[in-house]
Amino acid sequence: MRKFTRRAAVAAVAATAALGFSAASAAATSAGTWTVTPGGAFSANASQPTLSVPNAQLVCASSDAGGDLKTGSGNAGAGLGSIDSLTFSGCSLAGISFDVTVSSPLSINAESVDPSNPDRVIGSISGITASISDADGLCTASFAGPGGGDATVTGYFDNATHQLVVNGGNLQATEANCLGLINAGDSAIFNAAYDTDPAQTITAD
């Protein structure tokens, strides 16, 4: 388990981020294999990512991610890359700052081309569990998928902007003792747009 820096956010799930991908629609065009340029090691930065639960929203000043992508053509969409580090800074919910622990590495998965925008690759980031706690013990919570298994966050990669956008998934609070702000069973939505460096391009073969 990887410990996030002080004042990190549960937003780590993600995402994560991770390469951001959006939930696939039934009309999306599936692809068998993918080409990644340039691939290899990448870093990514997002400004003001958020994690929303029904009663509150956690907001961070920024988030940084790092990982690896496969390179060249003929790559399977499942496990197209990994996120090996994910940190957050300036994070607070109801004036409380948090430490976060999150599983790693996370898997980046490309699934289909968005039929309404051919620049966007729909996919997911999987293998996520996370927990938060503040220094005074006022708020603790654990996050995973339904039933306590690994969660998956969804979104898209935009080849026009080279951004990884996270905006959905099945993340839930599995345990919580957080002043009623977060409760067990709450759905949690992570939103973030990560700029990649070097700028990446992912296209269907």
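Predicted model: local features only at pLDDT ≥ 70, side-chain atom pairs only at ≥ 80, totals over all residues.
Local features are reported at pLDDT of at least 70 and side-chain atom pairs at pLDDT 80 or more, while totals for chains, interfaces and linings use all residues. Residues are numbered from 1 along each chain as its sequence is written, and side-chain values use heavy atoms, with hydrogens and water left out.

**Strand pairing**

Helices (H or I, at least four residues) and strands (E, at least two) are DSSP runs numbered from the N terminus. Two strands pair if DSSP finds at least two bridges between them.

| Strands | Bridges | Partner residues |
|---|---|---|
| E15 and E16 (residues 163-169) | six | Tyr 156 and Val 165 |
| E13 (residues 130-133) and E14 (residues 140-144) | four | Ala 130 and Phe 143 |
| E14 and E17 (residues 172-177) | five | Phe 143 and Ala 173 |

Two of these pairings are hairpins. E15 and E16 have four residues between them, and His 162 in that turn has a positive phi of about 60°. The hairpin of E13 and E14 has six residues between the strands, with Gly 137 at a positive phi near 70°.

Burial is defined by relative accessible area: buried is under 20%, exposed over 50%, and partly exposed in between (1.4 Å probe, protein chains only). In strand E15 (residues 151-158), seven of the eight residues are buried, so the strand is largely enclosed by the rest of the structure. The C-alpha atoms of Val 165 and Ile 122 are 9.8 Å apart, with 43 residues separating the two in sequence.

**Charged residues**

A salt bridge requires a side-chain nitrogen of Lys or Arg within 4 Å of a carboxyl oxygen of Asp or Glu. By this rule there is one salt bridge. It joins Asp 158 and Arg 120, whose closest N and O atoms are 3.1 Å apart. The pair links distant parts of the chain, as Asp 158 is in strand E15 and Arg 120 in strand E12, 38 residues apart. Asp 158 counts as buried at 7% relative accessibility, whereas Arg 120 counts as partly exposed at 24%.

Asp 114, in the loop between E11 and E12, is buried but has no salt bridge. The side chain of Asp 114 does make a polar contact with that of Ser 116, at 2.8 Å. A polar contact is a pair of N or O atoms within 3.5 Å; within protein, one must be able to donate a hydrogen and the other to accept it, and residues adjacent in sequence count only if both atoms are side-chain atoms.

**Nonpolar core and aromatic pair**

A nonpolar core is a set of buried Ala, Val, Leu, Ile, Met, Phe, Trp, Tyr and Cys residues joined through side-chain atoms within 4.5 Å. The largest has 47 residues, and those with the most contacts inside it are Ile 132, Phe 143, Ile 182 and Tyr 194. Strand E11 (residues 106-113) supplies the largest share of this core, four residues.

The structure holds one aromatic pair. Rings of Phe, Tyr and Trp (its six-membered ring) pair if their centres lie within 6.5 Å; planes under 30 degrees apart count as stacked, over 60 as edge-to-face and the rest as tilted. The ring centres of Phe 88 and Phe 190 are 6.1 Å apart and the planes are at 70°, so the pair is edge-to-face. Phe 88 lies in strand E9 (residues 81-89) and Phe 190 in strand E18 (residues 189-197), so the pair ties together parts 102 residues apart in sequence. Both Phe 88 and Phe 190 are buried.

Definitions and conventions. Lys, Arg positive; Asp, Glu negative; His and termini not counted.
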